[in-house]
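Here's a quick briefing for anyone opening this structure for the first time. Have a look at the model, then follow the notes below.

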Amino acid sequence: MLLALLFAYGVLNGILQGFGIMPYLGLTTPTLEYYTEALTRSDLISSILFSLYVAAASSVLATMGGVTLSAVITRLRVGRTGRLASVQIPIMTAHTVVALSVISLFSGSGLLARVLNSIGVIGSQADFPTVVGSSQGWAIILVYLWKEIPFVAFSTFAIMGSISDRFSEAASSLGASPLRTFFAVTVPLSSPAIAKSFLIVFAFAFGSYEVPLLLGSTLPRALPVLAYIEYSSPELLDRAHAMALNGIMSFITLILAWLYLRIIQRERRGR
């Protein structure tokens, strides 16, 4: 109850600040000034597109990888130890730990660049492709895949495991190969769980700020990073700009939540 009240207070306070209501600064009149300034920022569109691109790329790859991992776990009947190593440990690993590992491996002074330089594959460490700080967000996507692939697998292998072998046997008796049976039987029956997992990881990747802040480029910046920079400004009035940016992010996230609810409703009607 206390946590719910604190959460509600934080959300309400953020909404009010986005509309310029900050009594501790003597501002009590609602205004759309900060939303107008946020929507007319020169870097807003590029930031939204970059955030959507990173979220879409990581979510699509994670869904493909997670479904494949789930199929392997189900097909090979992997035991508790195998599931712990392939699913649960990656999920429990903190994003910051994975981000530091990516920096150690893939930065210009990282382990991979030094190894490739020492064996003569690249002329110098400066020739190593830019991964950390890339405007394509490679390092960010790598970190998200580390946790999102196991998450999708965790969310789907229970469904895949519950699908009766009779469906596969029926498909096989009709001449379908195991791969075709998987795409024609298993994936459609698991599609609600797959779709929900995709929306969850997409919403997380879109709204997360710490990984893009550590590994992203300075241009374009992810939308959550813009909001964080505004919020951490020593000028308190900039918090209104940060909350206006958060309002834009919340609007996009609410669309994803609406899609999630539509999937659940459709799933219930199909039972």
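Once neighbours within four places in sequence are set aside, Pro30 is in contact with Phe19 and Ile21. Keep in mind as you look around that this is a predicted model.

- Pro30 sits in the loop between helix H1 (2–18) and H2.
- Is Pro30 buried or exposed? Its relative accessible area is 57%, and the cut-off for exposed is over 50%, so Pro30 counts as exposed.
- Pro30 and Phe19 are 11 residues apart along the chain, and their C-alpha atoms are separated by 5.3 Å.
- Phe19 is partly exposed, with a relative accessible area of 30%.

**Aromatic pairs**

- How many aromatic pairs does a search of the whole structure find? The search turns up 7.
- One of them is formed by Phe19 and Tyr35, with 5.2 Å centre to centre and 40° between the planes, which makes it a tilted pair.
- Phe19 lies in the loop between H1 and H2 while Tyr35 lies in helix H2, so this pair ties together parts that are 16 residues apart in sequence.
- Tyr144 and Phe204 also pair up: their ring centres are 6.1 Å apart and their planes are at 75°, so this pair is edge-to-face.
- With Tyr144 in helix H7 and Phe204 in helix H9, the pair ties together parts that are 60 residues apart in sequence.

**The chain as a whole**

- What is the chain built from, in terms of helices and strands? It has 12 helices and 0 strands.
- Read from the N terminus on, the elements run α-α-α-α-α-α-α-α-α-α-α-α.
- The C-alpha trace spans about 75 × 60 × 35 Å along its principal axes.
- The chain has 271 residues, and 37% of them count as buried.
- Take the contacts between residues at least 6 apart in sequence: 70% of these join residues at least 24 apart.
- The accessible surface of the chain is about 15600 Å², and carbon and sulfur atoms account for 68% of that.
- As for charge, there are 17 positive and 12 negative side chains, with the centres of the two sets 18 Å apart.

**The nonpolar cores**

- In soluble globular proteins, nonpolar side chains tend to be buried together.
- The largest nonpolar core here has 43 residues, and the members touching the most other members are Ile140, Val143, Leu215, Leu223 and Leu245.
- Several helices each supply at least two residues of this core, among them helix H3 (44–76), helix H7 (138–162), helix H9 (178–207) and helix H12 (238–270).
- Which helix gives the largest share of this core? That's H12, with 8 residues.

**Ser59, a buried residue in a helix**

- Ser59 is found in helix H3.
- Its relative accessible area is 0%, under the 20% cut-off, so Ser59 is buried.
- What does Ser59 touch, not counting residues up to four places away in sequence? Its contacts are Glu148, Phe198, Val201 and Phe202.

- Most peptide bonds are trans.
- The bond joining Leu219 and Pro220 is a cis peptide bond, with omega about 0°.
- Pro220 lies in the loop between H10 and H11.
- Thr218 has its place in the loop between H10 and H11 too.
- At 61% relative accessibility, Thr218 counts as exposed.
- Thr218 and Val115 are 103 residues apart along the chain, and 28 Å separates their C-alpha atoms.

Conventions: Residues numbered from 1 in each chain as written. Predicted model: local features only at pLDDT ≥ 70, side-chain atom pairs only at ≥ 80, totals over all residues. Heavy atoms only, no water. Core = buried A, V, L, I, M, F, W, Y, C linked by side-chain atoms within 4.5 Å. Buried < 20%, exposed > 50% of the residue type's maximum accessible area, 1.4 Å probe, protein only. Helix = DSSP H or I, 4+ residues; strand = E, 2+ residues; numbered from the N terminus. Contact = heavy atoms within 4.5 Å. Areas by Shrake-Rupley, 256 points an atom, 1.4 Å probe, with all protein chains shown as cover. Lys, Arg positive; Asp, Glu negative; His and termini not counted. Charge placed at Lys NZ, Arg CZ, Asp CG, Glu CD. Phe/Tyr/Trp six-rings, centres within 6.5 Å; stacked < 30°, edge-to-face > 60°.
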